[in-house]
Amino acid sequence: MSPTEQAEPAENKFFTPGVFVLLGLMVTGAAFAVVRFLFGLGAVTNLSNRFPWGLWIGFDVVTGVALAAGGFTTSALVYVFNRRQYHAVIRPALLTAMLGYTFVVLGLFVDIGRYWNIWRPLISWNPTSVLFEVGMCVAIYSTVLYIEFIPIVVERFQGRVSLPGPIGVFNSLIEWLLRLADLVLSKVMFLFIIAGVVLSCLHQSALGSLMLVATYKVHPLWYTPILPLLFLLSAIAVGYPMVVFESMIASRSLKRKAEMEVLTPLARFMPVLIGIYLVFKLGDMVARGTYMYLFDGTLQSNSFLVEIIFGLILPFVLLLMRRVRESAGWLFFASLLYLGVVLNRVNVFLVGFSPPYMTERYFPAVGEIAITVGFIAALIFLYRLFVTIFPVLGAHSKRKAVALLLIPFFLMFWLLISGNSAEAEAFNEKKTIPPAKKVMPSIDDAPKMRILDSPLINKYSDLYEQVRFMHAKHANVVKDCTICHHRVPREKGDKYGKPATMKELTGTKTMPKACSSCHDRPWNPERIHVPGLKGAYHQLCIACHRVSRQKAGTNKVRYRSFIKGLKGARTLVSRAPLDCVSCHPRKVPDHKDLVELDGNVDALSVTKTCLSCHESQGGAVLNTGHWKWQGSSPFTLGNEKRIDLGKRFQGINNTTISLTANWPKCTGCHIGYGWKGENFDFTDMTKIDCLVCHDGTGTYQKSLMQAGFPERSAKLLNVAQHVGKPNRRTCGSCHFSGGMADPVKHAEMNPKLLDPVRNMDVHMASDGMDFRCQECHKTRKHKISGRSVFVPWVEGYFSCEGCHTQKPHIGSNLLAYHLNKHTDHVACQTCHIPIYSKGSPVITRWDWSTAGKDPGKNEPHGKTATFEKAYGSLTWKRCVKPVYLWYNGTVKRYLLGDPINEGGVTELNRPEGNRQDSDSRIYPFKAVTGKQLSDAVYKFLVPPKLWHGYWEHWDWNKAASEGLTAAGLPHSGKYKFVETIAYHGVNHEVLPKERALSCAQCHAALNNERACGRCHKSSGDIDFKALAHKGIDFRQMVKEGYHAAELIGRTDYINFKALGYAGDPIEVGGRFETLPLQTGAQPPPSYESFWSKEQGDLCNPSTLW
Amino acid sequence: MAGAGLGTAFTSGLKKARGAKPPGISRDAVGVLVDTTLCIGCRKCEQACAERHKLPDRSFEDMTVLDRPRRPDEGAYTVVNKYHPDPGASESATFVKFQCMHCVDPACASACITGALSKQKSGPVTYDPNKCIGCRYCMVACPFEIPAYEYHRALVPKVRKCTLCFEYISKLPRDKGGLPACAQVCPMEVMTFGKRSNLLELARWKIKNNPGKYVDHIFGEHEVGGTSWLYLASHPFEKLGFPNLGAKAPPRLTESIQHAVFQGFLPPLALFGILGGFMWLTGRKKETNGKNRQEDDQ
């Protein structure tokens, strides 16, 4: 066969069944491509941040370019080295290459995310980028291929141009263009051919350089500096096997003999080229020593072995044998094997690529495979089309087998990496802490509280409110100033200083410096190792205030306040703040632009708007006692497991008696809208009143009788846009008016607490600490903590010790020591709230039995009238001395339906506790007595219907029957008034410490001369008598306008006999221990045996003797 | 043959072309030193970053996410992960913040075909979406697996990563918001922002003055040629989720190769010439042979 035999278009039928299969695959691929362009790469691929390149780059582009290498290798052979005998294979190889590169570009177009920007590299390129080289070379080479194909087009159409119909006018123009092309190209084609070879060499090697930048991610079996060379050599070597492969498949499908006369001589080059590649590949492996990975058994090493053995060594050996080269079957097989260079490309780009945080191996998604298969099908389709139209070759190729080639290259398995979370922690001790000495600086010198807030801190982040730092308490616990004040300036103005020691401070009597004297703005280049103020505060505080986990069975724990996990280790009393918001609450973002209300703004539409963002909070509110008016009551004797005790059903008091049948008047204080009767839906969060608690303007007002709805005049939009944290005003809008809108019920909650002075309540003082209620009543998921004697349900509780510790009297002086000994027996409130209802008068006795009669002419009326037709006889008191009872936290309650105490006083709630119980302490209470309705036959208390009931018809019987029916209790028709008593705790209106009860006001024994002097010698600087009388001065109180005249001079504040003592404990002994001044007690022989060791350091012994 | 010739050209060219230079940073280039012993895992850095860059809303109060290690992705430029490097010890967890390391010799910037990712002399590696074609080569190149891609966006997907708040630190004064958001908000001052040279000094000072507290290694000082984000830790870095990397900067090899091949375009032109030479030679031989035969025939 002559090498100059002319090529001609193939004459086979075009639309064979196989072609329809191809069409089907193309359509599927196109469909997925549409999805890719409409919904993004994520919708179609399994690409991720771990594996940014997948099948499309690793196979379509990279392998496609490799397999299309037949183009330039045959070009070089035939034109550059002038081996014209291989001319027959030029055109099919050229067509393959041209179509192959076209589809590489199309594949790229589908893969890159911002495909419309694909022209960018032309104007803005990065010369160091290998991808730029690849891109440019591929683009130029594709152009060259198209130019090389033009002669084929010319050959086909020159002299035969005949366009249909009207465009036939262009026939002669096109003829002229074709002739021009023929003329020009026949002269300059050689330039393009050489350029094609050069460009191919450049980008085939550049594809190898591509992965070199991923230095630490590509497996050492493939990562080598000569990777570009290996890619180039393997690409050159695959050119001819590819030609063989195409040619034989085409021959077989056209039922022609294989063109062995061309292919066998061509095959002579193959072992040489493959051999060169093999030498470099294996030589590189030996030189870098990577053969040690060969038998690891990992996916990578196995894949490498397959690639080398089956894809490289085996075909090399086979092709060395002449018999193989001369046999069509064997040559085909060997060429097929060498096409395993595909595996090499996939190995380098996909299999050998291991990102550092890989969790699972990449595997292409259905869409990726579909589009790839679609491209290949399209390529085959177009090849068939072109060889049918153009004079490419006598043969055409149908690559049915190609799809089968794809399967073996997807042998991968998933790798999973799981993290561990083993956990065993215990608190890490910092330093042993030396005891305090009575020197300066000492605990007594420590300022009590510091507000940690600075414009410096707020400049860098303003997410949280200020911190109230209890300085003195920390000084008391830590006992070493230099733990926090860790450096002192060496001279004035020194902002770095030297390490501080207590010895030096006390020796030179220097006060520690404030933190801000050294720590100011962060990252100051001149003092970059000094943290800024915010960082200093946090680093110091969190060094201790971090959660520690203690393992059971380990040694005794230091700093129990930080321990979590061990039962009882971190009690409510001793707990320390451990998370961000426990120290500083979050600031509320400005809702002005967040709240949008159109049209009619009413209460329910405001709630709907709130819920549109805060739905989970709405759900949380539905579970709270404030919403349900009942809840779990673990401290109610006999009812610890119940979750339904509360005002809603069983509650009854002796002031305004009961809720039952008196909605909507009482429910004016409900945190919802519309609780008018029994049928209120407590599961409907759209009825929640968010604004009553979260009003930031101070203007929101609930209407008194509208079952919770606000006053008509309320400007709800303004309130909704200025929501904020609950504060005294919002809580107080209900809680400071307990008892039908006048604060008559509670002991000490009245509107004076909205804006109190320090002498009214030291915590809430507006010009002082200005506590919001939530400072103590900490809230979690809208469940507000706080335990009440009066209300049965509890959602968390706390006590003064939570902040003040069980040794709250700070200082290294005698008084502090003695006072701290009281905390096991006397509650804080007892001494520190000696009188209640300082703000406004309260009712202490309510006799309903006299109600119903019109008031006489001479009866006083007004706010504190002692008689009202609707109420009966009232006793008002102001500045009241509380009653004192033992209380251990549990309460015995009267519930609706319980029997009354016949012949005596029915206790509606009784604080439990007694002298022998070490959990009990002496607490102050407001006692309210009264006379209220009971059923004479059934002998239980009656909840009368007052609202639209008694107060309209003045008939107790009717009111009783209506109320009892509503409560589901029987009514006998006969009623009787009985005596009742109820207790309210006294917890607010805390006085400053200088107005606490003095020792002598309770301990009459201290009024004797010899009292303290029995042990303590009166030395010049301590006046024990004055010390014992230091406390609240009622004379002064009277001067200030308080009604406290009858309390002046009392020494029996606490009635010890009523509490079970034989007399004053100082004289008769304590509950559990003998006291030194006890009658009959001997003075101790030496002070060491008297004082327990732990206390010894606190006192200076010289004051004793 | 062509292959062999090219091979020699490569290897010799490589040796000659070590002179391809890294981008380099100015003496005032900034960086951040992260002291992982201080981090408490409060996630405020994540929150501040999300707010400044308008990233998707999510709850930053949820600390249960720390139970599984996360990676920065297109919705989170930075994440904090929790590690228990020493399960038997009586200590709590170590928290580490991950984000773009702003390498001194960044692989991503070297790889980027259009220069969309570029290293500023002042330190940050910045991204210009206008130039980006979405090829994701930067993601292949990054040894820390940082650039994240918006695979779910069909029309204008972008590469997302920490910007070191370049727009802010380059335009605003330090005390008026000209700081990275994460460093600014961090309550514990885990991150110190300043000149990289100062930070290295600070890190060495910390190691020296707290014997036993830190592992004697500053991660990022030399890794992959140095990074702008430097880390100190009290445990070996591999136990804290850091990849095991050498000091070789990834771009050096590829840039050397590119430099060798394209130095004045000599190698390609030389190859062109050689091939042209072959073509002419072998063509002439054939012609001569043909002429000779013709002459012989005559």
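The following paragraphs describe chain A of a predicted model and the interface that chain A forms with chain B. Residues are numbered from 1 along each chain as its sequence is written, and chains are lettered from A in the order in which they are written. Because the model is predicted, local features need pLDDT of at least 70 and side-chain atom pairs count only at pLDDT 80 or more, whereas totals for chains, interfaces and linings use all residues; side-chain values use heavy atoms, with hydrogens and water left out.

Chain A contains 38 helices and 17 strands, taken as DSSP runs numbered from the N terminus, with helices (H or I) of at least four residues and strands (E) of at least two. Of the 1105 residues in chain A, 50% are buried, that is, under 20% relative accessible area with a 1.4 Å probe and protein chains only. The accessible surface of chain A, computed by the Shrake-Rupley method with a 1.4 Å probe, amounts to about 51,500 Å², and carbon and sulfur atoms account for 59% of that surface. Where contacts (heavy atoms within 4.5 Å) link residues of chain A at least 6 apart in sequence, 72% of them join residues at least 24 apart.

Between the two chains, 98 residues of chain A are in contact with 104 residues of chain B. The buried area, meaning the accessible area (1.4 Å probe) lost on putting the two parts together and summed over both, is about 8,500 Å², with 62% given by carbon and sulfur atoms. On the side of chain A, the residues that lose the most area to chain B are Arg114(A), Tyr216(A) and Trp523(A), which together make up 10% of what that side buries.

The interface includes 4 salt bridges, each a side-chain nitrogen of Lys or Arg within 4 Å of a carboxyl oxygen of Asp or Glu. In one salt bridge, the side chains of Arg586(A) and Glu61(B) meet at 3.0 Å, N to O. Among the helices of chain A that each supply at least two residues to the side touching chain B are α1 (17-39), α6 (130-157) and α8 (227-253), while α7(A) provides the largest share, 12 residues.

Another of these contributing helices is α3 (70-80), which is mostly covered, with 10 of its 11 residues buried. The buried residues of α3(A) include Gly70(A), Phe72(A), Leu77(A) and Val80(A). Just after α3(A), Asn82(A) adopts a positive phi of about 55 degrees.
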